[in-house]
Amino acid sequence: MFDEEKQTSKGESTSCNKSSQRYRDWRGPGRCGKQRQIVTMLALAALALVLVGPWLLPPLPVQPEDIDLDDFPSSQDSKIDIERLLFSVLSAESLRSSLEYYTSGTHIGGSNQSQATHTLDYFKQQNIDAEIVEYYPWLNRPLKQRVAIVNSTTHEIAFEASLKEDVVPGDPASDSQNDIGSFHGYSANGSVSGRLVYANYGRASDFDALQRANVNVNGSIVIVRYGKVHSGLKVYAAELAGAKGVLIYSDPADDGYTKGKVYPAGPWRPESSIQRDSVLRQNIYPGDPLTPGYPATRDAQPIEPNEASSLSTIPSLPLSYRDALPLLNAMQTHGSLAADIDSNWVGGLTSRGIEYWTGPSEYEVQVENIVEYKTAPIRNVIGRIKGSEDPGQAIVIGNHRDSWSSGAADPSSGAAVLLELARAFGELQRLGWRPRRTIVLASWDAAEYGLVGSTEWVEENVDWLRASVAAYVNVGAAVDGGTFAATASPIFKSLLYAVTKRVLYPHSNDTLYAVWRRQSSAEVAKPKPVIDLFGAGGDSLPFAMHAGISTVSLGFTGSSGTRHSNFDSFKRMITFIDPDMRLHLTAAQVWGLLAIRLADDPVLQLCPRCYAKAIKKYIHLFEQKMQQHSIQASTGNKLHRLRTAQRQLETNAAAVEHDKRHLRSVYGEDCQMTGRRRHATCLALRRSINDRLSNLERHFIDPNGVPGRKWYKHALVGPGKWDWTEADHQPFPALAAALETGNKQQFQQCEKDIANIIHEAAWFLREV
């Protein structure tokens, strides 16, 4: 795919650093590549916008005192008019129409082909080349699910869970025909029974606490709360503790009535709401469990299910807290009082008369989970707007389309915004605009099962991605509240701040940046908005962690009270979250503006010094973690090798910034000069700068991967073995694995290897 866009160094004269050749296949090319061609149409269109734009379009909400000199290139005047034109094209009414379409029914991964076709046709209507790319992963569907409390003496049924969500009058998304039932993606088949044990959030540390309290988990059915760690880790921890099955329920302390009014009176989770999820062990590897590390194409050779280390082996089911109440009540006075273990073991059902106990219960609980597994087609929709001047370089923007329900917030708000950006880019093309670099638009399928669609596509196109892609920008749930949040590679820090300073927060005179800063400082006292550790934001994961692509994930959150249930509906969205679609419109402005800057700026406005400074923070965080362990680095409790490498990276990153300033002051970023030699020198310097900026992330890829989890190849960040959530990664995952083993020699060798990777990246930044 996109083979015609690949660059080659065969037969070309090059002065690339020979010491970096060992990493070329993994970390992308240096400055080598064919020279860009100048296309006059874009310049003419930009000139017309400069002359006409200011009289047609309102000014952008720029606060000059908040903008650094490096926020925008010197040639930004024409870009500002293109951005204004983008803002004028984006439509809240169009966003509402797309959201209503995507939420018109349940669209579980691998189903609802009509939505894939609709997305494809919509892209094509906007003059965007598009195709459906199919893969054939192993997926499951529910057949029969049952949870019951049984008197082990009389064998009478004391309680049977409904495993159903209530129908809300006036909300068609809650109708029974849209209910796929209560089940987990990639859950194990089985009918099991045992006494019930409560294990808080089901973390490894929670099971350790039960062991210290002399609570026997072996042979039991475990009930745990959603949250804190990924559902797959809950099931795995229970499995290692000897449990036969797992029930995961949504406690009102986390997203129910303790937060506010529940749906349909408010946005929070009602008592019958069931939070479906995947229990794939994505911390081992995401995507199709039977094709680890290679794409699930039609002719792929899958491994056997019992060889797939990402699959659980004990059955599990999700529960509403209405169904969980009798189960928790069955453990009253049995085992240890949960509050005696820790106060955070007590949930929100105390107001319903529940006193949380560990069990085991006196009665047995029966769990039946019968699912059908089969290889089934999934459909990614891939669109492409070919770049005018540098088509061999690209950015990718994406969102997943599938959902466990109608999925208004997750993911349909993002799917609607992606469609709206396609429409806006189509309008801009009709007005004569073409991006400098290629823009790829991706609508992923089967993400809810475990990022299957995006992972399989990345695995198939990994060579092209590493050679050609500067960035991936992801929006999953674009809108589920009013709090803006972003996870990103540190290299995007300045650009994210600059873009959010050009967008107004809905119903406010403040910029999004100003509101984001206040929202962040309410949680963490920092002078600038908080950008979370990158790579864990949904479909960003395979791009960042496997391919070494710099990624951004963004969206509005804050009221995620109906996630993965029938109540995440269009009606809830327009009633409580975004009645006038202004949050959706703001998300489209930010996403679109970010895409245009990445695709159109002559010099990528990426910040390698920000990355170097972030690594310094990672080192500090890890040294704090080391204090909790007896193991030490070669020079005590300080990672001196890493610190030396980090300083070298920061020094060399400053050299790139110097080259950017030199280009800007001596030539101008657009390289618009008449002298042939001077023009060629400018183009060569600009190419060198952009290659170093876009390929830096690739140099943090370790081909050997994280020990025990080889699919994950990023040396600086990655999912924790036990403490991973979809929104949380940890620094230096391989070093963390060595720390857990307690092997001093392995730990010190690992520190040395990571330091060498950072040194290699530092020297790459000096290539000119």
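Let's start with Asp 81, which counts as buried at 3% relative accessibility. Keep in mind as you look around that this is a predicted model. What does the side chain of Asp 81 meet in a salt bridge? The partner is Arg 84, with N and O 3.2 Å apart. Arg 84 is buried too, since its relative accessible area is 18% and the cut-off for buried is under 20%. Both residues sit in helix H3, which covers residues 76-89, and they are three residues apart, so about one helical turn separates them.

Arg 379 makes a salt bridge with Glu 134, and their closest N and O atoms are 3.5 Å apart. Arg 379 belongs to strand S11 (residues 378-385) and Glu 134 to strand S1 (residues 129-135), so this pair ties together parts that lie 245 residues apart in sequence. How accessible are the two ends? Arg 379 is buried, with a relative accessible area of 10%, while Glu 134 is partly exposed at 31%.

Another link joins Glu 239 and Arg 281, whose closest N and O atoms are 2.9 Å apart. Here, too, distant parts of the chain are connected: Glu 239 is in helix H7 (residues 231-240), and Arg 281 is in the loop between strand S8 (277-278) and strand S9 (316-319), 42 residues apart. Arg 281 counts as buried, at 7% relative accessibility. Elsewhere, salt bridges with shared partners join Asp 166, Glu 271, Arg 322 and Arg 352 into one network.

As a reminder, strands of a sheet pair through backbone hydrogen bonds, either parallel or antiparallel. Take strand S5 (residues 190-198) and strand S6 (residues 221-225): these pair in the parallel sense, over three bridges. One spot to look for is Tyr 198, whose bridge partner in S6 is Ile 223.

Next, have a look at Gln 332, in the loop between helix H9 (321-329) and helix H10 (338-341). Is Gln 332 buried or exposed? At 16% relative accessibility, Gln 332 counts as buried. Its side chain reaches the backbone oxygen of Glu 355 at 2.6 Å. Leaving aside residues up to four places away in sequence, Gln 332 touches Gly 353, Ile 354, Glu 355 and Trp 357.

A few backbone details are worth a stop as well. Tyr 263 and Pro 264 are joined by a cis peptide bond, with omega about 10 degrees, and Pro 264 has its place in the loop between helix H8 (252-255) and S8. The peptide bond from Asp 410 to Pro 411 is cis as well, with omega near 10 degrees, but Pro 411 lies in a helix, H11 (residues 408-430).

Then look at phi. His 155 isn't a glycine, yet its phi is positive, about 65 degrees. You'll find His 155 in the loop between strand S2 (138-150) and S3, and at 62% relative accessibility it counts as exposed. Leu 163 has a positive phi as well, near 55 degrees. Leu 163 is in the loop between S3 and strand S4 (184-185), and counts as buried at 7% relative accessibility.

Let's finish with helix H23, residues 744-764. Asn 743 caps the N-terminal end of H23, with a side-chain oxygen 3.1 Å from the backbone nitrogen of Gln 745. The buried residues of H23 include Phe 747, Cys 750, Ile 754, Ile 758 and Phe 764, and among them are also Gln 748, Glu 751 and Glu 760.

Note on methods
Residues numbered from 1 in each chain as written. Predicted model: local features only at pLDDT ≥ 70, side-chain atom pairs only at ≥ 80, totals over all residues. Heavy atoms only, no water. Salt bridge = Lys/Arg side-chain N within 4 Å of Asp/Glu carboxyl O. Helix = DSSP H or I, 4+ residues; strand = E, 2+ residues; numbered from the N terminus. Buried < 20%, exposed > 50% of the residue type's maximum accessible area, 1.4 Å probe, protein only. Polar contact = N/O pair within 3.5 Å; in protein donor to acceptor, adjacent residues only side chain to side chain. Contact = heavy atoms within 4.5 Å. Pairing = 2+ DSSP bridges.
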